[in-house]
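Reader: I would like to go through this protein with you. Could we start with its overall build?

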Amino acid sequence: MKTILLLSTKEMREGLRNRWVVAATGLLAALALTLTFLGSAPTGTVGAGALDVVVISLASLTIFIVPLIALLISHDAIVGEIERGTMTLLLSYPVRRRQVLLGKFLGHLAILAFATCVGYGLAAIALLVTGKAMIGAGSWAAFMTMTASSVLLGAVFVAIGYLVSALVADRATAGGIAIGIWLVFVVLYDMALLGLLVADQGRAVSGGTLDALLLFNPTDAYRLLNLAGSGDIATASGMAGTIQTAALAPAALLAALAAWVVAPMALAALAFSRREL
């Protein structure tokens with residue numbers, strides 16, 4: 001365990017040196033603050049609280065930004081070290097490959113968690129400072145769930161980035177595949193699913209099939225967890241109809257996101273263990 005913590009600390013230091021921590025935190029904070037000040041204004045017309053609107057805005061932002069940041073910081077975690085020759089030096093010490101993989105993963109996840117918590121935390125503080133409306137306990141619970149699940153979604157794409165990095169031969173290929181994965185999960189998958197549902201008209205795609213299709217995309221599981229979790233948020237976000245169609249409990253959605261972390265990391269460990277340096 002000590003070796004893993006040392007490796008994760010090394011990864012965080014490299015993130016600081018490469019300005020990943022500053023860049024990710026600054027980007028998320030700037031976007032979160034912008035959405036907070038612009039998005040909380042119309043709360044009186046949508047029937048949702050100020051923090052509920054912020055949750056909807058930040059959850060939608062997370063789906064696009066956090067997976068991209070996660071893939072960018074992780075896609076060359078293995079292949080990049082191999083190309084630079086530092087992986088051979090690292091493995092010359094009494095350290096196992098799975099320890100290297102887990103240590104680097106925890107380091108990258110810590111960077112992403114810090115950026116997410118600070119960025120979104122500043123948005124909540126800004127909303128409190130303005131004092132526009134009273135915020136209930138349910139809204140705070142939704143905000144905390146959104147922040148924690150955002151970190152979990154980031155962990156999913158860090159794990160996917162590690163799998164890519166363990167399989168490809170060079171950094172350029174890893175970068176191209178990472179961008180392709182982001183496009184598929186964030187943009188193309190939902191477009192294809194929407195087209196399927198429109199063409200099907202409820203004939204072949206049952207509720208159970210729809211649930212399975214949604215779980216095949218971690219961003220959809222995240223969206224359902226945060227935007228369909230309560231009546232006010234679901235109504236304001238336009239997800240009320242999805243609640244009636246999909247029958248996925250929050251525990252099932254969290255389990256799906258956790259599985260999306262474990263499965264790619266297990267495959268990455270297997271590929272890395274068999275890779276010639």
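Reader: How many helices and strands does the chain have?
Author: The chain has 14 helices and zero strands; helices (H or I, at least four residues) and strands (E, at least two) are DSSP runs numbered from the N terminus. This is a predicted model, in which local features need pLDDT of at least 70, side-chain atom pairs count only at pLDDT 80 or more, and totals for chains, interfaces and linings use all residues. Residues are numbered from 1 along each chain as its sequence is written, and side-chain values use heavy atoms, with hydrogens and water left out.

Reader: What share of the residues is buried?
Author: Of the 277 residues in the chain, 48% are buried, meaning under 20% relative accessible area (1.4 Å probe, protein chains only).

Reader: Which residues of helix 10 are buried?
Author: In helix 10 (residues 207–215), they are Leu210, Asp211 and Leu214. Seen down the helix axis, these buried residues fall within an arc of 105°, so they line one face of helix 10. The arc is that of the directions from the helix axis to the C-beta atoms.

Reader: New topic: at what angle do helix 8 and helix 11 pack?
Author: Helix 8 (residues 137–167) and helix 11 (residues 218–227) pack at about 175°, with their axes 10 Å apart. Axes are lines fitted to C-alpha atoms over the stretch in contact, and angles run from 0 to 180 degrees between N-to-C directions. The two helices are therefore roughly antiparallel, the word for angles over 145 degrees.

Reader: And which residues make the contact?
Author: Among them are Met146 and Leu153 of helix 8 and Tyr222 and Leu225 of helix 11; contact means heavy atoms within 4.5 Å.

Conventions: Buried < 20%, exposed > 50% of the residue type's maximum accessible area, 1.4 Å probe, protein only. Parallel < 35°, antiparallel > 145°, perpendicular 65-115°, else oblique.
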